[in-house]
Amino acid sequence: MGHFGWPPGVKDDIVELLVTIAKQKPLKAARDKAILLLGFASACRRSELVAFRVEDITPHAHGLELLIRRSKTDPEGEGRTVFVPMAHSEARCPVHALRAWLDLAGVGEGPLFRRVNRHDQLVGAEALMPQSVALVIKTAESRAKGAEAAKSFSGHSLRAGFVTAASMAGFQAHTIMGQTGHRTLEMVMRYQRKSSQAADSEPAVKQGFSVDRQKRLRRQAI
C-alpha cells in the first residue's frame, strides 16, 4: 500500500499530533492544526489542499463546503465540491480550526494556507507548496514518536487515514469515493481490506461523528 501513515487507530493518532502541534508558536500551530484537520476531514490530495482559496469556501450551519477547482483526476478543471461537517469536539473540529487560523492570520482572501516564518509571522500571500503538507505531518509525528516513526508518514496519510476511518465507521465504498474523488474502487477497497482486521475492536465513530449523524448533517447542508 506504500505510505499508509495512519493505521486503524486513526483518531488516537490525530489527537497525538494535535497535542504536538499545539506546542508550537500560536500562528504556526493554528495553521498546522487547520491543515491536519481539514486535510483529514476533506480527504483531499495535498495538491488540492494547498490550492484552496478563501473564495472556495461556502459556510453552512453545520459545516462548510469546499470547491476543488482542479485535481489529478480532473485535469480539465470541471471542479467538484466536498462537504466538511463540524465535529462534536471543538478541539478536533476542522471548521473551527480553519476559522481560527484565518482569523489569527488575518487572511480574508486568496490562498488559505501560507508560509509562516520562525518569528511566527506570515511570509507573503502565496500558497504553500504540496510538499509542505507532508512536512507538517512528518514534523509533528517526529516530535511525537521520533524520526523513525515519521518515515512512514506523508502528506497522503491524511487522505489514506480518512478512507480507513470511514470504512471502519461503516460507510460504503461509493460514499467514500464521493468524498475522496477516486474514480475507481480499487484504491478504496485496498484501504478497506487494510482496516477490516481492526473493525471489530474499533468503535464505529471517527472524528466524533456517527454514521447516522454524518448523514443528517449532509442532508441539512443541501
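**Entry 1: the S4-S5 hairpin**

I started at the hairpin of S4 and S5, where 5 residues lie between the strands and Asp120 takes a positive phi near 65°. Strands here are DSSP runs of E of at least two residues, and helices are runs of H or I of at least four, numbered from the N terminus. S4 covers residues 114-116 and S5 covers residues 122-127; they pair in the antiparallel sense over 2 bridges. I count two strands as paired if DSSP finds at least two bridges between them. In this pair, Arg114 stands opposite Ala127 in S5.

**Entry 2: ground rules**

I am working on a predicted model, where local features need pLDDT of at least 70 and side-chain atom pairs count only at pLDDT 80 or more, while totals for chains, interfaces and linings use all residues. Residues are numbered from 1 along each chain as its sequence is written, and side-chain values use heavy atoms, with hydrogens and water left out.

**Entry 3: the chain as a whole**

I found 10 helices and 5 strands in the chain. Of its 222 residues, 50% count as buried. Buried means under 20% relative accessible area, exposed means over 50%, and partly exposed lies in between (1.4 Å probe, protein chains only). I also looked up contacts, meaning heavy atoms within 4.5 Å. Among contacts with a separation of 6 or more, 60% come from residues 24 or more positions apart.

**Entry 4: the three-stranded sheet**

I turned to an open sheet of 3 strands, ordered S1-S2-S3 with antiparallel pairing. S1 (57-60) and S3 (80-85) are the edge strands; each has a single partner strand, so one side of each has no neighbour in the sheet. Ignoring direction, neighbouring strands are turned by 20° against each other on average. S2 (residues 63-68) pairs with S3 over 6 bridges in the antiparallel sense. Glu65 stands opposite Phe83 in S3.

Which strands does H2 touch? H2 packs on the sheet against S2 and S3, and its direction makes about 115° with that of S3. H4 packs on the sheet too, touching S1, S2 and S3, at about 100° to the direction of S3. Axes are lines fitted to C-alpha atoms, for helices over the stretch in contact; angles run from 0 to 180 degrees between N-to-C directions.

I checked the length of H2 first. Its 17 residues should span 24 Å at 1.5 Å a residue, and the end C-alpha atoms are 24 Å apart, so the two agree. The expected span is 1.5 Å times one less than the number of residues. H2 is mostly covered, with 14 of its 17 residues buried. Just after H2, Ala43 takes a positive phi of about 60°.

H2 (residues 26-42) packs with H4 at about 145°, with the axes 8 Å apart. In H2, the residues that meet H4 include Leu27, Ala30, Ala34 and Leu38; in H4, Leu98 and Trp101 are among those that meet H2. By class, this contact has 13 nonpolar, no polar and 2 charged residues. Ala, Val, Leu, Ile, Met, Phe, Trp, Tyr, Cys and Pro count as nonpolar, Asp, Glu, Lys and Arg as charged, and the others, Gly among them, as polar.

**Entry 5: Leu102**

I ended on Leu102, in helix H4 (residues 94-105). Is Leu102 buried or exposed? Leu102 is buried, with a relative accessible area of 13%. Not counting residues up to four places away in sequence, Leu102 touches Val54, Ile57, Val107 and Leu112. Leu102 and Arg31 are 71 residues apart in sequence, yet 8.3 Å apart in space, C-alpha to C-alpha.
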